[in-house]
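Dear colleague,

I am handing over the structure we spoke about, and my notes on what was found in it follow below.

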Amino acid sequence: MKKMMRLLALLAAFTLFAAACSSSTADSTATGDDDTETTDDGSSDDGGEEEEATEEDGGDDAGDDAGDDAPEEVDAAQGSDLTFHMITHSDDGPFWSVVNRGMDAACSDLGVTCVWVPGNNDANVMVQGIEGAIGEGSDGIAASLPDPAALVPALQGAVEGGVPVVTLNSGANDYQEIGALTHVGQTEFIAGQAAGERFNAAGVTHVLCGQQEQNNVGLTERCGGLEDTFSGTVTTGFMDLDADTTAQQAAINAAMAADDSIDGFLGVGPVITLSGLRAASDLGRDVTVGGFDLTPELLGEIEGGNILFTVDQQQYLQGYLPILQLFLFQTNSNTIGGGLPILTGPGFVDASNAADVLALSEAGTR
Amino acid sequence: MSETTMDEGHISNADEAGQGHEATAVATESRETTKSAAAPAADERLAYRSIFQRMFVQPEIGAIIGVIGVWTFFWAVSLNFGTAGQTQNWLDTASTLGIMAVAVSMLMIGGEFDLSSGANTGAMGILFILLIKEVGELGGLGISIWFAVPISFAAALLIGYLNGKMVERTALPSFIVTLATFFILRGLKLGMSKLLTGQISVTFTDEASGYDFWQPIFAGEWIRNEHIWNSRDIFYLGFAIGGAILLALSMCEMHFVRRETKSAAGFPVLGAGAAGVGVAIFLMHTTDGVNANALAAAVLGVSVLVGLIGLGMWRYEPVESPGGIRLTGKINMRIAIGVALVGAAILASFAIDSDNAETLFFPFTVQGLRVVLMMALGGAGFTLLTWAANLALRVNPTTKLAVSTIMAGAIVAFGFVIRASAEATKFRTELFSVFMFAALGIFVWSVMSVRFKERRSVDDGADALGMKGLGLGIFMLVLAVILRHLFVTQDELDAMVNPARFSVRMLWFFAFTAVMAYLLARTRFGSWTFAVGGNAQASRQVGVPAARTKTQLFMIVSGAAWLVGMLLAFRLSSLQAGAGDGEEFEFIIAAVVGGTLLTGGYGTAIGASFGAAIMAMSLVGIQSARWNTDWRFVFLGVILLLAVIANRYIRDQATATRR
């Protein structure tokens, strides 16, 4: 009975939670104070000036940023008038939830308002998100570029309209064309190359490179990098979406069964990597599995010795650093990286450091 | 069908005058109206339909032909497809997809959609895991699986009930209402997972109370390589051959006129044929090499013919005067074009150098061109020949035999070409035997039709016996396949055969399909479903509780989503918040491929399950054939298009014949 009550309470809580989520944009804008309307009307410059004048109190987070700039006066409780938008192709999967946490941490550290706009792998939704952010008078846009052709013009529009842009995750090849401050991410090709070296060292001869999306430039580059450095054969293929792991596993199973020489599998995402591991063990084949990105399940398999390595692009930084860069630019006209992209990877997690990373991953920041 | 053809049909039927001489061939509307006007004495509802016509008007037939066609196609182009391991692989994919496709197809027959069905599968699995996950700061409720199963099931039914009620009360299209449910479920999945566990994927362990009992129910496995049965192939062959023979006999029984008094003269001939079949199988089993097997195959072909003629002499009314070959201009033209096309296909195959591996233009290779030419020209040729054979059937059986012989010859020739170019065109050499069997079947059946009188009237005794035989024959064939898939021989183990893990998910799929097929076809609820989908207003006026029926259909869909959620949760022990999102369209596509109409009121449960099988087979088959996966959706698109066109054709035929 008690459990039933708890259950009902939970369900009720969720309904409220869901309701709260749906109106999050409005809420977060309102959190600042009574001059919500001023923010909307006034230009971003004014907002910055006001801040410098007003705050002095809290300051608990301000220490994070070197004390010589304006940020020292910024306070989370009082809030700044800066509003940044992060528009990504996020599907709210394991990867993007960590980016989201990085963004949240940066925003509460800096005391700015951030809006998370997940695009769910739909470039059109992202373009609308970007245009929406410009229309709301955003003080800075951080965006991922899974589909440059569709997104570059929209972001160029933002830059021309005086909104600073930082690209993140995918987009290393296009951020300069946009006129973005910098790009925060890993170069997918280099990450794939590093994975290829790992497979070489493991003595693998034929790697199946499985993709969970078909039109994602970044994923294609990962397999391309693998092909570049790997000394054996690489077969690349689309293995169905993460939303249907049953079909994904079946596709990998069939691809492996069709070619006995396959003795390595590289999944270019965490979910497909685990699908590949299951397919190999169903077939009773000795396949060396490598993966991309981190989830607790994936790290557990690395710790257990079933997966050789995973390429870690430290996506927490991809949420944190763009906000920091936008903030520093707006308050102090600073740019980081000297015009070059800021690389957050590739780092590797293998049996040697899996346990440490696992603890952080369970906390949701790796 | 033109006027001339109809006249010929009349002529050929005239000498076999009888009450049921209508529906000789697939009837068109105009033809049937004229007929029933001419012979008002006959009760049109009892019009005789031949075994083939009866098979052809089943709504599932499109999907069944599709399943056989897609299976054969992938079997022909890949070495792996068709092994137990890959059969398990696509069946497993088909299971979760199929359970939902069947439920969704029921709802579609009832005239509604449920766009929340995909997200619902993941939601049910996540709800279940959150219920049983151990208590902790970032944990679940930690209740026993014994309670979590009914609680989550009740939650599923509630969602279905709410969907149904909302559609009823708001009178909005279900497309809109369930779209809202979809977003709500999707948000709840992510929100709940993150709030409760801080993760976007939820996991549980085998320590949950009741796990040992429920795990085998939702995720039990039969690992083929652990079940060795060395004499498996004897039973496999026995059941397969026995089943094939039973099928042939039952078809004869249902197609030919039984004799008043049986004639013993047929026995020796029948015995000789049977003995020949035995010898041929023995030869095939013991000898190796092309020549020996060709000899065995020849013996087999002749023996089947002799045996069936013996059967006919014993049981069926002979044709006194089969008539001569009367080829009309139309038939001749079709034969000529058909043969020319098949010839062109064969020529094309020989004209293109089999060693030439050049790429003509991306992604088309010389050998690809060769395959396409062979398939396109050959396919068109055989279609024309089939057409000619159908026209010939309206003239008389002898003419049909003549055309069929030409067709069988063309098939044999084509089979040899396939074999000769198998390597370059990436076809299996075994495809050759399929062509040979097809040619044999067509030829033997035509010979039988010339020698023995085809039935034109209802014969309940013969039909009952034939149906029993058909059922038993199909059962034996299925049993043979099952035996072969469930057990492994020591020889196969020594050859390192891939293990196949048959999961209990397949049994859930079969059982669910069977129950739904029964509900739909045999119960009042099923009839109401068709009624509300066909015309909700009219059905209400005749007393069908339309709203209640629809709500129940929504509950069936969400109940199925619960089942799939359980299967997913126990399969992976963990679920992503995004699990199932977007799958609802796959369910709808599978239902449509299986012959369900988007407009409601027409479809079957079994058809939807075959639709799911077709989709799963293409997924696995494309990987097995090692095709470039970039083109996967092109293939899926073509299959969808062909399926819809075929279903439409069959539906037209069915509605025309069934009146």
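Where is the place of Asn120(A) in chain A? Asn120(A) sits in the loop between β2 (113–118) and α6 (123–135) of chain A, where helices (H or I, at least four residues) and strands (E, at least two) are DSSP runs numbered from the N terminus. This is a predicted model, in which local features need pLDDT of at least 70 and side-chain atom pairs count only at pLDDT 80 or more, while totals for chains, interfaces and linings use all residues. Residues are numbered from 1 along each chain as its sequence is written, and chains are lettered from A and ligands numbered from 1 in the order in which they are written.

Although Asn120(A) is not a glycine, its phi is positive, at about 50 degrees. Asn120(A) counts as partly exposed because it has 17 C-beta neighbours inside 10 Å (buried means 20 or more other C-beta atoms within 10 Å of a residue's own, exposed 12 or fewer, and partly exposed in between, with C-beta atoms placed from the backbone). Asp240(A), in the loop between β7 (233–238) and α11 (245–258) of chain A, is also not a glycine and has a positive phi, near 75 degrees; Asp240(A) counts as buried, because 26 C-beta neighbours lie inside 10 Å.

Another backbone feature is the cis peptide bond that joins Gly345(A) and Pro346(A), with omega about 0 degrees; Pro346(A) belongs to the loop between β11 (342–343) and β12 (347–350) of chain A.

With regards
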